[in-house]
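The sequence and structure come first.

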Amino acid sequence: MDIKHEVTQTESSLLASYPDYLDAQRLVDRMSDDGFPVESVRIIGDGVRTVEQVTGRMTRARAAVTGAASGAWFGVFIGLLFGLFTAGQTWAWFVFISLVVGAFWGAVFGFVAHWSTRGRRDFASVMTLQARRYEVHVDKEQAARAAKYVL
């Protein structure tokens, strides 16, 4: 059986342009609440860039603690999986031992990973994608009806 997915690009009209995504989202939400066929609406981010927010200094100790926390969660997950196949109170020991082992190895790997950079990246950060402008487009057939939503 041959299944083909066709994406048809219809001609669209610019309805509004906003510097913030939430403003564009509010417009589309207002249109949806009013019963407008939002299947004909697109939010297009223009001028996409990455933004890296530095959240703090990364030391070897902080890398070890962060690694320990991640390893502990992974250990608990593994312990719970093994605990499914045990009877009685044994499952609690599986979870506890897995948590400790996971935290230990997470701390070791976190420390070694940071140490291996030799100071080239002594900070922690979170990276996001942002657009300079968000445009709300609507299919040409719906443009006249959608115009009433722009204040």
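Strands β2 and β3 pair in the antiparallel sense over 15 bridges. Two strands count as paired if DSSP finds at least two bridges between them. Helices (H or I, at least four residues) and strands (E, at least two) are DSSP runs, numbered from the N terminus. This is a predicted model: local features need pLDDT of at least 70, side-chain atom pairs count only at pLDDT 80 or more, and totals for chains, interfaces and linings use all residues. Residues are numbered from 1 along each chain as its sequence is written, and side-chain values use heavy atoms, with hydrogens and water left out.

**The sheet**

- Three strands form an open sheet in the order β1-β3-β2, with antiparallel pairing.
- β1 (12-18) and β2 (41-57) stand at the edges, each with a single partner strand, so one side of each has no neighbour in the sheet.
- Neighbouring strands of this sheet are turned by 30 degrees against each other on average, direction ignored. Axes here are lines fitted to C-alpha atoms, for helices over the stretch in contact, and angles run from 0 to 180 degrees between N-to-C directions.
- Strands of a sheet pair through backbone hydrogen bonds, either parallel or antiparallel.

**Bridge partners**

- V51 stands opposite T128 in β3.
- β1 and β3 pair in the antiparallel sense over six bridges.
- A16 has V136 as its bridge partner in β3.
- For Y18, the bridge partner in β3 is Y134.
- L14 lies in strand β1. L14 is partly exposed, at 46% relative accessibility. Buried means under 20% relative accessible area, exposed over 50%, and partly exposed in between (1.4 Å probe, protein chains only).
- The C-alpha atoms of L14 and D122 are separated by 44 Å, and these residues are 108 apart along the chain.

**Helix α1**

- The 13 residues of α1 should span 18 Å at 1.5 Å a residue; the end C-alpha atoms are 18 Å apart, which agrees. The expected span is 1.5 Å times one less than the number of residues.
- A24, L27, V28 and M31 are buried in α1.
- Seen down the axis of α1, the buried residues fall within an arc of 90 degrees, so they line one face of the helix. The arc is that of the directions from the helix axis to the C-beta atoms.
- R26 and D33 are exposed on the other side of α1.

**Aromatic rings**

- A search of the whole structure finds six aromatic pairs. Rings of Phe, Tyr and Trp (its six-membered ring) pair if their centres lie within 6.5 Å; planes under 30 degrees apart count as stacked, over 60 as edge-to-face and the rest as tilted.
- One of them is Y21 with Y134, edge-to-face, at 5.4 Å centre to centre and 70 degrees between the planes.
- Y21 lies in helix α1 (residues 21-33) and Y134 in strand β3 (residues 123-139), so the pair ties together parts that are 113 residues apart in sequence.
- Y21 is partly exposed at 38% relative accessible area, whereas Y134 is buried at 15%.
- The ring centres of F104 and W105 are 5.1 Å apart and the planes are at 80 degrees, so this pair is edge-to-face.
- W105 is partly exposed, at 44% relative accessibility.
- F104, W105 and F109 form one aromatic cluster.

**Charge over a ring**

- The charged end of R118 sits over the ring of W115, 5.6 Å from the ring centre. The criterion is NZ of Lys or CZ of Arg within 6 Å of the ring centre and within 35 degrees of the ring normal.
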